[in-house]
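Here is my note on this structure, for you to read with the model open. Please check each point against the 3D view as you go.

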Amino acid sequence: MFARVGAAVGLIVLCAISILRVARPPSPVAATAPDTVFSAERALHHVEQIAQRPHPMGTADHDRVRDYIIAQLTALGIRPQIQSATAVGTRYQGAGRVQNILAWMPGSDAKGKAVLLMVHYDGVGAGPAASDDGAGCAALLETLRALRSRKKPLMHDVIALFTDGEEAGLLGAAAFVREHPWAKDVAIALNFEARGTSGRSYMFETGPGNQDAVSALRAARDVTAGSVFTTIYRALPNDTDLSEYAVLGLPALNFAFADGVERYHTSRDDVAHLNLGSLQHHGLQMLALTETLANGALPRQTTGDAVFFDLPLLGMVVYPTWLALPLAIVALVLAVIVVAPTRRSIVPGVVTTLVAVTISGVLARFVNLGGAARWSGVYAATLMLAVLAVNAAIYFAAKRRWPELHAGVLVVWLILALATSAIAPGASYLFTWPLLFALVAARSRNPVAEWVAAAVTLILLAGLVFSVTAVMLGVAGLGAIVLAVFTSLIAWLLAPLLDAVVGNARWAGAGWLAGAAVVVGLIGLLTVKQNADHPIRTALVYTENADSTDAWLGAYGRQDAWARLAIGGTISGPEWTSRLGQAPTKLIGRQVPRAPLDAPAATLVRDTIINGARRVVLRVNAPPGSMSLMMRATGAPVLTSSIDGRIVDTTRYRHHSPTWTMEYWAVPDSGAIVALSIPQGSHVDFDLAAWRPGIPTLPGVTIPARPPNVVPTQDGDVSITYRRTRF
Ligand SMILES: [Zn+2]
């Protein structure tokens, strides 16, 4: 009995170690620490200054943050400069007048290449952007300070780049990569971001040929990284400034903390919710890696991609991807030796495992938690226990008929190891290493070998499954399926050990596991609530048509109780309200009295025929106080276009829309120049929508204050003035 309890505790401890390693950021270092180290407490002072208010492009607070960073760099004795340029994004239909802040810190070996440190200082309109990316800016300022206070300068140069307009479509990074003379001096880049307000700063994306860059991570010691993340991220439609930097084809490492995604791009991305440990983790890695890279050879050697993961005590394990397949073949040879004597049990074992894993995945398909529950570890644990209960019952039933069915489990894992090694080697380590140790354990039938196999499996996978579910995808949809499938696969791999834990318990302990799932689920029901820290997101839109007397108050997308009360109507707006943003959807709300606002304008500068096409050159102006100007051209196909003389390159776009649209941020007072090439003899209907923050006072309309659990999101509440002009 004691041995069984001890074994159960051992397994739980292994899971806990694995989860804590990916969930808990390092402790923040106090401001009293020596001035050569990175202190989150010192860096927090910068966040407090930057994150006073929202600071999207085109607002006075944006310029306040710019001036603050420039003053801090100047105080450090590093002469900053501003790259002021029209940026045209290559991932999204966006452009804008950016002001990148750059600083060059010379190394002792002046001839060489430089290490680029990137963060972005703009934020979304909805919130003060303390984490995204105030924390990155603060970490960079504190890192530069720590480097300056060291007696010995770094060997190579360091470029600090605070990009502008990341939220507007990676605009600042696009302008740096294409137009700044320092771009050619870069050897390697480190980018720091956030998709939440807490958690560890994961290294989740790399540049091409990452084996060399990833090996450098060993210097930072306390790193969470795995080639499974970089492999998956490459296939996802997500972007940071590194997506524009990718044009340079240089090595890079991208870091972000991602826990607390409910507060991402809302007013709760504030100083109070920023986890100091997350800030410390940003800085700890930034400082250690800058030292290592700038004191090593630059440019770095060219390598292929690597399989990599971090382990307790050992640190980063890194090997070239070509080794993945030979390792899987070693597993194949071992598997043949191990399962051959139990030939008859292989097919039933394979079938039982596949049936159990499929049932687990299908069950999870129906779990679709929303709001705070979606991001709760308590509900993740509930689902895991429920899946274990189902699998224990299947195991109990199958084991009575085929006592040797574990051979089939090993074959399923072998197929997974071989398949990932061949198709996605970055993910192969998740299957190959647990399998290799499980094969040794199955061959020896030695309890020590079984425990080593359990330790390798749980340390590698438990934390990963936790971070994929509770941090990245949530306990819903794909996140729930990943949790269920991996729980099932792990349980079957460790079945001989689990068998010893449950002993001869009826239904292999399924009843106990189901009971535990109910208890943990009840704890979730009682403790996990939508509140100020786990808020509902909503944003209001006031819009008026300058060509008529029409004005509307409403929202795009679903309305919560507060939004319904504030808007007071759920009528679908007229057609023109679908021409105000990137997505062609109508505003839902009601007609309201107008609060006359200045409207945007487009005027014809030049109208010529070039190479058989009509070239219309327009000057567009936005009213004072606008963040951005949304432009849309219909009625004729736009063959080519340019913004302030820069060609719009659509070849790298994430989405190709049939309509020409362009959102221009921070329109200069003198206006922006837009040139459109359309077929000769055709005309274009040119829509303009100027976006500014806040809802004006509307006669007879009272908007109640938001309750604490409802927060503005993305651009926040906005007013949009619309106009259509025919050219
Ligand atoms: Zn960001």
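1. Terms and numbering. Helices (H or I, at least four residues) and strands (E, at least two) are DSSP runs, numbered from the N terminus. This is a predicted model, in which local features need pLDDT of at least 70, side-chain atom pairs count only at pLDDT 80 or more, and totals for chains, interfaces and linings use all residues. Residues are numbered from 1 along each chain as its sequence is written, and side-chain values use heavy atoms, with hydrogens and water left out.

2. Two cis peptide bonds. Look at L298 and P299. They are joined by a cis peptide bond, with omega about -5°. P299 sits in the loop between α9 (276–294) and β8 (306–311). A cis peptide bond also joins D132 and D133, where omega is about 10°. D133 belongs to helix α4.

3. H120 is in strand β3 (residues 114–120) and D132 is in helix α4 (residues 130–148). The two are 12 residues apart, and the pair links distant parts of the chain.

4. Buried or exposed? Buried means under 20% relative accessible area, exposed over 50%, and partly exposed in between (1.4 Å probe, protein chains only). H120 has a relative accessible area of 0%, so it is buried. D132 is at 2%, so it counts as buried. V347 has 57% and is therefore exposed. V347 is placed in helix α11 (residues 343–365). From V347 to G426 is 79 residues in sequence and 29 Å in space, C-alpha to C-alpha.

5. Positive phi. H265 is not a glycine, yet its phi is positive, about 55°. It is found in the loop between β7 (252–259) and α9. At 6% relative accessibility, H265 counts as buried. D644, also a residue other than glycine, has a positive phi near 45°. D644 lies in the loop between β18 (640–643) and β19 (646–647). Its relative accessible area is 22%, so D644 is partly exposed.

6. Domains. The chain is divided into domain 1 (2–20 + 323–527), domain 2 (31–304) and domain 3 (540–727). These bounds come from an automatic or database domain assignment. The C-alpha centres of domain 2 and domain 3 are 31 Å apart. Their contact (heavy atoms within 4.5 Å) takes 34 residues from domain 2 and 30 residues from domain 3.

7. The interface. Domain 2 and domain 3 bury about 2,600 Å² between them, 51% of it on carbon and sulfur atoms. Buried area is the accessible area (1.4 Å probe) that two parts lose on being put together, summed over both. The rule finds 3 salt bridges across this interface. A salt bridge is a side-chain nitrogen of Lys or Arg within 4 Å of a carboxyl oxygen of Asp or Glu. The side chains of D239 and R654 form a salt bridge, at 2.8 Å from N to O.
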